[in-house]
Amino acid sequence: MPHLQLVGITKRYGGVTALDDVDFACELGSVHAVLGENGAGKSTLIKTMAGVVRPDAGQILLDGKPVSFATPAQANAAGIVCIFQELSLLPDLSVADNISIAAPPRRFGLIDRHAQRRRAEELLARIRCEDVNPLSRIRDLSLSRRQMVEIAKALGQDPSVLILDEATSALTAADVDNVFDILRLLRDDGIAILTISHRMHEIEAVADRCSVFRNGRHIDSFDQGARSADEIVRMMIGRDIEAHFPAKRERVDTGTALEARGFGWAGRLHDIDLRIGKGEILGLGGLDGQGQKELLLGLFGVLKNTVGEVTVDGEVVRLDSPVAAKGDALGIALIPEDRKTEGLMLPMSIADNLTIASLARLSNGPFIDGAALERAVADGIARMHIKVGSPDDPVATLSGGNQQKVVIAKWLMTEPRIILLNDPTRGIDVGTKQEIYALLRTLAEAGTAILYYSTDYEELIGCCDRVLVMYDGRVIRELTGDDIDEHEIIASSLNADAIADAIADAVADADTTAHGPAATAGDGPARRAGT
Amino acid sequence: MSHAKRGFAADLRIRLAQNTALLTVIAVFVLFYGFYNANHPRGFTTAVYIQNANEVFALAMVAMAQTLPVLLGGLDLSVGAIMTLVNCLASLVLNGSPVQIALGVLLCMATGAACGLVNGCVVVYGRIQPIIATLATGAVFLGLALFLRPSPGGDVDGDLSWAATNDLFEIAATYGFADDGEAAWFQPIANVPVPLVLLVVVALFVWLPFARSVTGRTVYAIGSGEGAAYMSGLPIDRARLAAFTLGGFFAGLGGLYLALQTSSGNADIPQAGAYTLNSIAAVVIGGTSLLGGVGSAIGSIFGALVLRTISFNFRIFEIDPLLQPLFEGVVLLAAVSLGAIRVLRVKNTLDLFR
C-alpha cells in the first residue's frame, strides 16, 4: 500500500483549474520526481500535501487512512515536511533559531538555547555543513548556505515524507552532491522523498520513480530509466520539440559594445578584462559564487568604489548607479537573479511592472502618456508571449516562468544595447527556457551585446559564442568555439583550484596581509575543492 | 582545544557584530550621562541619581511598550494614552488599607494589559493596520481617562509614593525592615534608587523570559517574515495578541509609576502624545528596526535614557527654554544618524534596500 495517496484531487483558483482530478501515490523508501512545466500543477500538488492549500474535491490518504490538513503545522505533525521554493527562513533570526523554530527545545518553559544550538550543530553536521555557525543570522549567509539550513530544518522534524520544491536550484554543485547523498541515505532509512526539479540530469542522478504533470493533470508515472529524456520532455510540453537551443551562426566582428580593463571591487573581483562584441553572447561560467553576480552588478553601477576602466562603444564611462547604466548614453539592462525582490514589485500590476523602467520614454513632460503606456504593455505581453488574464492583475498572480518573462519584457522595453543576465532561467520550466534561448539569439543577431551568467552548464554550451570561466573573483579561462563543452567548463571550474592557489601564493608572497576570499559565510571554495 | 578556542572567538565576533546597535546606544548613554554629572554641581551623588531615575522610569516603560509592536513591524500610537488612562485610574484607587492599595496596584496593571489586549484584538481579528487601529483606540483610552479624571488631582497613598520614588533605604525605613535600613548587610545597596531597581526587575523578570519564550520568538519571526513564520507553523495570532497585551502592560506600569511620582492623576492629552512620540524615538535610538524583526526592549530602555539625558543637560547649561525643542531635535537627529553610519560602509548599493 502506498504511504501517501491522493485520490481525485481537484483545485481551482478562480477560473483556473490548477489540479484536475489528480490521483497520485508515493511509497516509503523511494525518491519520486515530479516533472512538468510551469503551471502544470506541481506546486499546487505539493501545497495540497503540505497543508498550505485545501483541495476543492478529493481525498488524501496517509497509510490508507483519510487525513486533512488545515495548516502546514498539522501536515508537519503527520510527518509531511516540505522545503518550499520560496525560502521559509526568517532572515533576522539565527541559524539555530530557524532550525528549531517550530518546536524549540525548552527548559522551565523557556527556549533552551544551549540545547537548541547542539541540535543545530548535529543537524548541520548531518548534511556536512559544519562550516555554518549556528549563531549567524540567516541574512548574513549565502543563498546556497541558506538552502542547506532549510534542509537541516526539515530534517529536524523527522519527516516520513520529505518534499523538495526546486530545493537544489540555489545550491552550488558540491552542495547538490551533498544533498543527493543525504537523500539516498534518507531513502534507505525508509523515508518517502518527493522532489521537483527542472534539471534533467539531477533527476537522472537521484530519482527512482518519475511522474509527469501537464495542465493540472497527472499524465503518467514510470520508473526512472524507463523513458528517455526526450520522451519525458515531450510528455511535459505535450508537443515535439526541435533543437534544444537555437543554432549559433558564424559571427562577423562588428565592433565592441562593452569592454572592461582591470575591473575590480572590494577584494571580491580582481583585475577582470573582458570584451563583449556587438551581437555576441558572452557566457560567464564557473562554480557558483565566484564573483559572477558581483561582476554583473558592478557593470550595472550597483557597486561602489570599483576600480579599473569600463568603456561602452569605445568611450570611457562612469558606472555609478543603475539610473546612469540604463540611461540612453549607455543602454545597459540587468535581468536580476531574484525576480521576487529585485526584478518585480509583486503587489503592483503586470502593466506597471512592464513599464516601470521605461516611464521616461512613455511620458509627456512630467505626465505618463496613458495611450502609449497601453500600447507598450500590449507589445511587451505579445513579444514575450506572457500568459496573462488582465494586465491590471498583480504580477504576483503569475506563475514563475511568466513572472520572469515580465522581467525580461520590462528590460527589453528600455531598448538596451547591452543586456546582463544573472541566471535568468533558475526555477522556470523547459518551454519558457527555450523561448528565452531563442529570444537571446534573436536579440544578438539584431546587434545586442549579451553577458549571460548561468549556473546551468548546458545553457552556456548551447547559447554562448564565448564563455569566461570565473574563479575567486578572477577570469581564469576563456573558451571559444568547440572548446565550449561540459567537460572543459567543469574541468576549468574545478582545476581552477590549482591555478588559484598559484595566484594566491603569488599574492601572499607579495603582500602578507592579504586576506583570504573564503571568509564570507563559509561558502569558500576550499570546501568544494575536494568534491 | 584549539578548535574550541577558535569557536569561542568566532562566536564572540558574531555576537558583537549582531549587537553593535545596543552597544552603541549604551556607550552614547554612558558618555552623555557622565558629561551631565561631571558638569552638575552635585554630580555623582545619590540625590541626582534618584531624581533622574524618577524622571526616566515612565518613558522607559512606554518605550518598552512601543518595542513590541515595532518588532512586529507596526507602530502603536496608543502607548501614551494607555499610560495616561492608568495614571488617572491609579489616582483614584491607590489609597486606603494595604489590601486595598495592593488590589489597586493589581487593577492598574490589569487595566494596562487589558487596553493592550483590546489593541491586539482589533489588529488580529479586525485585520487593521496597527498604526490606525491604535490611533483610534488611543483616542478611546484618552476619553476614558478624561471621564475618570476631568480635572488633575487625586489621592495616592503617601507612604507608597515616598517609598517608590526614593532609594532602597527609604523603603526599608518606611516599612521597617533591615533595622529600618540601618543593617550592615543592607548598606551596599541602600542608596540604589527604587525606580532603577523596578526597571531592572521588569527587564529581567518580564522582558527576558518573554524574549526567550516561543511566543516571543514568534514576535521576532513575524517581523522578520510573516509568510515564513506562518509556513513554519508558528502561532501568529497568539503572538500578536501577546505582544500588544504585554505592550499595554508596560505602558500601564509607566502610568502607575507616574501616579506615584506625581501623587496625582492628570488626563493630559498633549503629554500623552509627547510620550508616544518619544517612545518611538527611544525605540529607534535603541537599535530596533522600524521594519520589525530586529532589536530588543533593553535597547529601548537605553534609548529612553539617552533621550532623557539630553534634557537633563539642558537644565545644567540653562539653555533658553524657547530653544530647547530645537536643540532636542538636532541632538535626536544626530543620535538617530549614528544608526545610519553603516550606510557609509556599504559597498554594494543594493544592500541599502535590504
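Two strands pair if DSSP finds at least two bridges between them; strands (E, at least two residues) and helices (H or I, at least four) are DSSP runs, numbered from the N terminus.

## Model and confidence

The structure described here is a predicted model, in which local features need pLDDT of at least 70, side-chain atom pairs count only at pLDDT 80 or more, and totals for chains, interfaces and linings use all residues. Residues are numbered from 1 along each chain as its sequence is written, while chains are lettered from A and ligands numbered from 1 in the order in which they are written.

For the complex, the predictor reports an ipTM of 0.81 and a pTM of 0.76. The mean pLDDT (the predictor's confidence in each residue, from 0 to 100) of chain B is 90, and 97% of its residues score at least 70. Within chain B, helix 4 (residues 79-93) has the highest confidence, at 97, and helix 18 (residues 342-345) the lowest, at a mean of 69. Over residues 1-5 of chain B, pLDDT stays under 50, and the model has zero contacts beyond four places in sequence for them; a contact requires that the C-beta atoms of two residues, placed from the backbone, lie within 7 Å.

## Chain A: domains and composition

Chain A contains 19 helices and 24 strands. Of its 531 residues, 48% are buried, that is, 20 or more other C-beta atoms, placed from the backbone, lie within 10 Å of the residue's own. Among the contacts in chain A with a separation of 6 or more, 69% are between residues 24 or more positions apart.

The domain assignment, which is of automatic or database origin, divides chain A into domain 1 (4-237), domain 2 (255-331 + 416-531) and domain 3 (343-415). The centres of domain 1 and domain 3 of chain A, taken over C-alpha atoms, are separated by 33 Å.

## Chain A: strand pairing

Strand 10 (residues 192-196) of chain A is mostly covered, with five of its five residues buried. A:Ala192, A:Leu194 and A:Ile196 point one way from this strand, and A:Ile193 and A:Thr195 the other way. Strand 10 of chain A pairs in the parallel sense with strand 3 (residues 30-36) over five bridges, where A:Ser30 has A:Ala192 as its bridge partner. Strand 9 (residues 161-165) of chain A also runs parallel to strand 10, joined by five bridges; here A:Leu164 is partnered with A:Thr195.

An open sheet of four strands in chain A has the order 14-13-16-17, with antiparallel pairing. Its edge strands, each pairing on one side only, are strand 14 (269-277) and strand 17 (315-316) of chain A. Six bridges link strand 13 (residues 256-265) and strand 16 (residues 306-312) of chain A in the antiparallel sense, and A:Glu259 stands opposite A:Thr311 in strand 16.

## Chain B: fold and dimensions

Chain B has 18 helices and zero strands. Its radius of gyration, 21 Å, is close to the 20 Å that the globule rule gives for 354 residues, so chain B is as compact as a globular protein of that length; the radius is taken over C-alpha atoms, and the rule is 2.2 Å times the number of residues to the power 0.38. Along the principal axes, the C-alpha atoms of chain B fill a box of roughly 60 × 50 × 50 Å.

Buried residues account for 45% of the 354 in chain B. Of the contacts in chain B with a separation of 6 or more, 76% join residues 24 or more positions apart.

## Interface

The contact between the chains takes 27 residues from chain A and 26 residues from chain B. On the side of chain B that touches chain A, helix 1 (2-18), helix 12 (214-224) and helix 13 (226-231) of chain B are the elements that give two or more residues. The residues of this side comprise 12 nonpolar, nine polar and five charged, where Ala, Val, Leu, Ile, Met, Phe, Trp, Tyr, Cys and Pro count as nonpolar, Asp, Glu, Lys and Arg as charged, and the others, Gly among them, as polar.

Definitions and conventions
Buried ≥ 20, exposed ≤ 12 C-beta atoms within 10 Å, placed from the backbone.
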